Amino acid sequence: MKEIFGGALTSKVRTLAPTMTRSVQRVAEAVANDPAGCAALTVTGLAERTGTSEATVVRTARLLGYPGYRDLRLALAGLAAQQQSGRAPTITPGISVDDPIADVVAKLACEERQTLADTAAGLDTAQLGAAVTAAAAARRVDVYGIGASGLVAQDLAQKLLRIGLIAHAHGDPHLAVTNAVQLRSGDVAIAITHSGSTGDVIEPLRVAFEHGATTVAITGRPNSAVTQYADHVLTTSTSRETGLRPAAMSSRTSQLLVVDCLFVGVAQRTYDTAAPALAASYEALAHRHRK
């Protein structure tokens with residue numbers, strides 16, 4: 001069982017909110033906003049407080065990653081104790097147009113740290129391990145992403161290339177689909193989309209899935225459209241979107257953490273070939289700069 005603490009719980013609720021029913025959302029928001037108060041309540045008490053049913057409370061606990069309400073209640077009690085001891089992380093307010101640059105740096109650093117911590121806490125390592133195993137043995141890896149996610153796709157592809165894998169990043173949706181048609185069993189296709197609803201990313205993943213490739217979705221919405229064509233789902237987290245910090249900016253941070261974890265895992269599995277390939281790429285670049 002994965003336990004969710006502090007900002008990670010709030011982030012998990014925010015991430016899943018679009019897929020929740022109104023009654024489940026009321027319970028989820030209650031436990032995220034007042035862990036101490038909810039920890040003191042029985043399942044009946046929390047149902048009464050949120051105007052829902054006991055079944056809804058149990059369903060919410062399971063949606064948040066707990067076998068039942070008793071497990072969630074114990075985690076909430078631990079979180080409440082942590083907050084009372086003063087060890088809970090401080091969440092800074094958003095950046096305003098008149099903030100000094102020093103405050104901008106401090107606030108962004110805090111937000112980035114929280115985003116990374118939330119993503120690490122919510123990442124399913126079993127799913128990650130399966131994706132690593134598939135990519136390490138792949139004949140070819142195709143990565144799809146548009147916009148900011150496209151930059152992350154390029155980052156992953158070039159890392160895999162440097163350790164000797166055949167990898168390509170496709171930002172052009174037409175080229176992505178025509179390449180996906182060529183994929184077969186033994187190939188891997190990775191789609192990166194924070195919303196999970198980007199059609200230009202979903203379509204090539206669907207084609208790859210239907211042609212037998214192992215498919216991976218890196219998304220901030222674990223129940224979104226892209227996941228129906230994914231054998232493995234890696235969930236990212238983001239900080240709250242603001243006018244000066246759009247979703248594409250905060251989602252990129254968590255996506256980069258996930259692709260770095262994927263890359264390092266593949267490099268570990270293929271170390272005997274990855275190390276020489278990486279050394280050769282360093283030497284080739286150094287030779288170019290010496291000219």
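This is a predicted model: local features need pLDDT of at least 70, side-chain atom pairs count only at pLDDT 80 or more; totals for chains, interfaces and linings use all residues.
Which residues of helix 2 are buried?

View 1. Helix 2 covers residues 22–33, and its 12 residues reach 16 Å from the first C-alpha to the last, which is close to the 16 Å expected at 1.5 Å a residue. The buried residues of this helix are V24, V27, A28, A30, V31 and A32. Over the protein, which has 291 residues, 44% of the residues count as buried.

**View 2. The largest nonpolar core and the elements around it.** The largest nonpolar core contains 30 residues, and those with the most contacts inside it are V141, L156, L160, I163, I190 and I192. Two or more residues are given to this core by each of helix 8 (125–136), strand 1 (141–144), helix 9 (148–162), strand 3 (188–192), strand 4 (214–219) and helix 12 (247–269). Helix 12 provides the largest share of the core, with 6 residues. Apart from this core lies another, of 23 residues, among them V27, V57, Y66 and L76. In soluble globular proteins, nonpolar side chains tend to be buried together.

**View 3. The surroundings of V141.** When neighbours within four places in sequence are left aside, V141 is in contact with A135, L160, L165, I166, A167, H168, V188 and I190. L160 and I190, like V141, are listed among the residues with the most contacts inside the largest nonpolar core. For the protein, among contacts between residues at least 6 apart in sequence, 70% join residues at least 24 apart.

**View 4. R49 and its polar contact with D34.** R49 is found in helix 4, which spans residues 43–50, and is partly exposed because its relative accessible area, 43%, falls between the 20% and 50% limits. The side chains of R49 and D34 are joined by a polar contact of 3.0 Å. Leaving aside neighbours within four places in sequence, R49 is in contact with D34, G37, C38 and L41. The C-alpha atoms of R49 and C38 are separated by 9.0 Å, the two residues being 11 residues apart along the chain.

**View 5. T50, a buried residue of helix 4.** T50 also has its place in helix 4, and it counts as buried because its relative accessibility is 9%, under the limit of 20%. A polar atom of the T50 side chain lies 2.8 Å from the backbone oxygen of L46.

**View 6. Packing of helix 4 against helix 5.** Helix 4 and helix 5 (residues 54–63) pack with their axes 8 Å apart and at an angle of about 100 degrees, and they are therefore roughly perpendicular to each other. Helix 4 makes the contact through V43, T44, L46 and A47, and helix 5 through E54, V57 and V58.

**View 7. Packing of helix 10 against helix 11.** The axes of helix 10 (residues 173–180) and helix 11 (residues 199–210) come within 8 Å and cross at roughly 10 degrees, so these two helices are roughly parallel to each other. The contact involves P173, A176, V177 and A180 of helix 10 together with D200, E203, P204, V207 and A208 of helix 11.

Conventions
Residues are numbered from 1 along each chain as its sequence is written. Side-chain values use heavy atoms; hydrogens and water are left out. A nonpolar core is a set of buried Ala, Val, Leu, Ile, Met, Phe, Trp, Tyr and Cys residues joined through side-chain atoms within 4.5 Å. Buried means under 20% relative accessible area, exposed over 50%, partly exposed in between (1.4 Å probe, protein chains only). Helices (H or I, at least four residues) and strands (E, at least two) are DSSP runs, numbered from the N terminus. Contact means heavy atoms within 4.5 Å. The expected span of a helix is 1.5 Å times one less than its number of residues. A polar contact is a pair of N or O atoms within 3.5 Å; within protein, one must be able to donate a hydrogen and the other to accept it, and residues adjacent in sequence count only if both atoms are side-chain atoms. Axes are lines fitted to C-alpha atoms, for helices over the stretch in contact, and angles run from 0 to 180 degrees between N-to-C directions. Angles under 35 degrees count as roughly parallel, over 145 as roughly antiparallel, 65 to 115 as roughly perpendicular and the rest as oblique.
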